[in-house]
Each structure stands twice: as C-alpha cells, then as structure tokens.
Amino acid sequence: MKERTVKGFGKADLAVGLVMLVISYLLIIACMVMMIVVNAPDSWQTYFQERAFRFLSACICVMLLFAILFYYYYFEDRAFICRGRNVFLIYLVLIIAVLVCYFFGRFVSIYFRPVAMLALIGLFLFGRRQAIILNFVFSLLMFVIDTFTNNFDSSPNSVYISLMLSFACGTFAVFVAANVKTRWEMLLTGVFLGIPGLAIVLLLELSELDFSHFDWIPYVASAGYGILGCVLSAMLALCILPVFEMAFNRLTVFRLRELTSANAPLLQRLRTEAPGTFNHSLIVAQLAETCALAISDNAELARAAAYYHDVGKLKQPECFTENQTGYNVHDELTPELSADIIRSHAQDGYDLLIANHLPKEIADVAREHHGTLPIKYFYDKANRLSGGDANIRNYSYLGPKPTTKVAAIIMIADASEAATRAIKDRSPETVERIVRSVIEERMDLDQFSDCDITMRELTVIKQTLVDSLTGVHHPRVKYPAIRFNRARQAVKEESKGDE
C-alpha cells in the first residue's frame, strides 16, 4: 500500500503542498509582527530598527521548523499531504495554538497558557505519532518566538518556563488522552494534566525562590494558573475540534460516535426506506468492530463504516433481497441489467456519502467493500441463458479493491453474515467452513493486494467472525404450541385454589 500511495504523490501535489507551506509561513510571520506591535504599541518601530537582525533570526528559525514538519510528513505520510488542504490544516492548527498561547500568556499569566491544547487537537485530528511531532515543533516554535521577540524582555527565565511547560504537558497529554472516547473524559484529561503542570511550575518557581524575602502568594497563584492552564487546554480543544472536523471533514472519535447515533440523517433514512439493509448493517457493524479490536485496528471507524457501507441501496432499496417482501423485481429484468443495478450500489453509496459531507474514509469503504468480485447469482443466470458465453466482467463490481484493513474487514464480515444467514445449519463447524471459504475466495481473486492486511490478521478475523456469528445465529429451544389467555389462566388459578 505504501508504494501505491508514494507513486500517487506527483510534482503537482508537491507544488501545492509547498504553496500551502509558504502561505502558512507568511501567516505566522504576520502573527509575530502583530505580537511585537501589541507588546510595545508606542515603540515597536524602534524594536525593528534596533533589533532587525534579531527578528530575522526568528524568521529563519521559524522557517526551519516549518520545513522540518513538512519534511517529516513528506517521508512518513505522503498520502496525507498529497492534498493541499491537509498541509494547510497542519500549519493552521499550529498557528492557532501559538496565537491562543500568546493571548493568555500576555494578558493573564505565562502559566495560564493552554500549552497542551495543540497536542490534544493533533491527537484526535492526526493520530498519536503526528501529535508528538506537532507538539515538539510547537514547543520549539514558542521558544523561538518568546526568545527573539519582545514577549518576555523583562523576564528572560519565562522563556524556559514556557518551553518546559509546552513540551512536557503536551507530550503527557498525548499519552493520557490516547484512549479518550467521550467529551467528558476529555475534560477529565485536562484535570489529570494539571498534575505534571503543577509539578513543573513548582520546580521552576522554587529554583528562583528567595528565602530571605519569601512571599507565598505568588507561588500559590502560579500553581493555580498552571493547573487552570491544563484544564483550559482540554476545554479549548473541545471547542475548536468540531470546527476543524466540519471545515476540513476530519474524523475524530467524537464525530464517529455522532455519525453512528440513531439521529444521524442517513441512518434514519436507511431504517425507514430499507429496513432489511439497516438490520444487516447493524450486524455487520458489530462484527466489524469486534474484528478490528481483535487485530488492534480502529474499531470506532470500522463500526461507523459498516453502518454506512450499504447506504447506496437507498437509491433502489426494492432491488435488494433483504428489503423484498415476496415480489422480486429481478424476475422481470435481464441478468446484465440486474447485475448493473446491484453493483451500482457501491458507487451510489460513495456519491451519497460525499454529497452529505461524510468523511472520505467512510465513503471509500462503501465503494470498496465488494472490490472487483463477480456477482455470482446473475453471472450464473446469464451463463444458463446464453449457453456459457457470458463475460464475467459485465457481472463484476467495478472496484476499487479494499485499500485499508477496515475495508477488508467489512468485505469479509459483509459476505460472511449474508452467507450464514442463508443456511439452516449454523454450527461452529459449518460457520467456520463458510467464513474460511469467503476469505480464501477473496484471496484467490487478489482482493487484498491493495491493503496491508497480513495472513495472521486474516486468521484472527476468521476466528473472531466464527465466534461472533455462532453467537448471533445461535440455536433456540422450540417453544410448545400453547396459547394462554386471561380466561384460561383464571381457570387454572381457581383449580389450584380448590386443591
């Protein structure tokens, strides 16, 4: 998969990314000029006259930091920065964090800076590794700005305080919030971040403590600001995250949960217009989530993508078996037309999801979950009608093949659920044979060639599906054909009383 994404990153993508880098760089330089003017509204011209080289040094350092960040993404995640808007998003998050920290540090206290805000936003927007490198660049960026501008001319030691707070609290936040699933847990994370924040503030303050003129009030105030700054980081991250989620169509664990709620518009349509497909999607979502957990993949994304994987059937719900109530429209259509209707639901789902501004990660799964597999029923029907002359390409899905593990999981779970639903014997042995057949067939047809799923993971997925499907379709005890009513129940109670 990595080779495919690297080849897809061309000179045009690189040029767009570099343009976004230059625009972002000019924005941060403008912000630095604004800071200098705000810090010294009456003498900022003197600053630029006397410290022009100092400001130039700051500009060069900032340029190096921005270039390092772009260099990192270029070699580690080209698939992400091949879109210019993603490059701009990275630097925009960085610039906003700088401005917010400057505002609170300038007008309240250096300790009140929400230094962990960037790390939290980066964690949910980009992932743990990217959040760590972003926090590293952010810490150095604030250090450069504080050192080479007039932010803390009167208190040079504040520069080092800011560096330690930004780096330590931000890094700690990445690991503490890694398993956060709800917004309430996010707020609690801010409280926990107050512990290292308080420790850093006290240590830095004690290093300058003058015991001959000890005044405990400033130290208590600094400690309080340190704790409040960490809580503020979580609160601001919660406020800013939805803006980035919607403006840049990014996935976070919070948005995934909103997309899978009962009030989601497309799911409401699916439940009303295609109830059979909706029930099938619920089971596939449960299976996909369990499989993703088993191989340590993104279970939240797997569940959400499974909810929407068949949403394309909303275009013609009556053409799919699970939504039919006796009458089958395909009895009156040619096999080729029927196959065209069936296979179009993958692309229709993609188009519908994109039109409704759902994340591309979910839309891609809707288009990829059948890969380039043949539609067996109508291919066999066409062969019988044509004497074996049917072209299999006319009866196959158009692809593309799964490009992620989540798409591969849903491809397997979707087919396995449908196949086990159609049989009467649902013993573990039978289910295991069916699931194994589903996986082997897709391997034979090279459906997993574009994703980095391994044989070990396929084995884990197979066993997980067998266990789950055996539980979903477990046998039940046959109930006796006895019908109770009020009169019969009353008679029985009277007879018991007579005895």
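S296 sits in the loop between α14 and α15. Helices here are DSSP runs of H or I with at least four residues, strands are runs of E with at least two, and both are numbered from the N terminus. The model is predicted, so local features need pLDDT of at least 70 and side-chain atom pairs count only at pLDDT 80 or more, while totals for chains, interfaces and linings use all residues. Residues are numbered from 1 along each chain as its sequence is written, and side-chain values use heavy atoms, with hydrogens and water left out.

The phi angle of S296 is near 60 degrees, a positive value in a residue other than glycine. S296 counts as exposed because its relative accessibility is 70%. Buried means under 20% relative accessible area, exposed means over 50%, and partly exposed lies in between, with a 1.4 Å probe and protein chains only. D446 also has a positive phi, near 60 degrees, and is not a glycine. D446 belongs to the loop between α20 and α21 (455-472). At 42% relative accessibility, D446 is partly exposed. A further loop, between α18 and α19, holds P400. The peptide bond joining G399 and P400 is cis, with omega at about 5 degrees.

The protein as a whole has 22 helices and 0 strands. Of its 499 residues, 49% are buried. Its accessible surface is about 25,200 Å², and carbon and sulfur atoms account for 61% of that. These areas come from the Shrake-Rupley method with a 1.4 Å probe, and for residues only the protein chains shown count as cover. Among contacts with a separation of 6 or more, 75% join residues 24 or more positions apart. A contact means heavy atoms within 4.5 Å.

The buried set is I362, A363, D364, V365, A366, R367 and E368. These residues pack against α12 (253-259), α15 (299-308), α16 and α19. A366 is part of α17. A366 counts as buried because its relative accessibility is 0%. Leaving out residues up to four places away in sequence, A366 touches Y308, H309, A346, G349, Y350 and L353. A346 lies 20 residues from A366 along the chain, with 5.7 Å between their C-alpha atoms.

Buried positions also occur elsewhere. S109 lies in the loop between α6 (84-107) and α7 (117-126). At 12% relative accessibility, S109 is buried. S109 touches F104 and Y225, when residues up to four places away in sequence are not counted. C31 is buried at 12% relative accessible area, and C291 is buried at 0%. The disulfide count is 0, where a disulfide is a pair of cysteine sulfur atoms within 2.5 Å.

A cavity is a set of points where a 1.4 Å probe fits but cannot get out. A pocket is an open set with protein on both sides within 12 Å along at least five of seven lines. Lining residues have an atom within 4 Å of a point. Grid points are joined across faces, edges and corners, and a volume is the space filled by probe spheres set on the points.

The second largest pocket has a volume of about 1,100 Å³. It is lined by 35 residues, and K313, T321, H370, Y397 and A418 are the closest to its centre. Two or more lining residues come from each of α14 (275-294), α16 (335-355), α18 (376-386), α19 (405-421) and α20 (428-444). α19 gives the most, with 7 residues. The lining has 16 nonpolar, 10 polar and 9 charged residues. Ala, Val, Leu, Ile, Met, Phe, Trp, Tyr, Cys and Pro count as nonpolar, Asp, Glu, Lys and Arg as charged, and the others, Gly among them, as polar.

The search of the whole structure finds 1 cavity of 30 Å³ or more. The largest cavity holds about 40 Å³ of space. Its lining consists of Y111, R113, V115, L165, C169, G197, V201, G226, G229 and C230. The elements giving two or more residues to this lining are α9 (157-176), α10 (183-206) and α11 (216-247). α11 gives the most, with 3 residues. By class, the lining of the largest cavity has 6 nonpolar, 3 polar and 1 charged.
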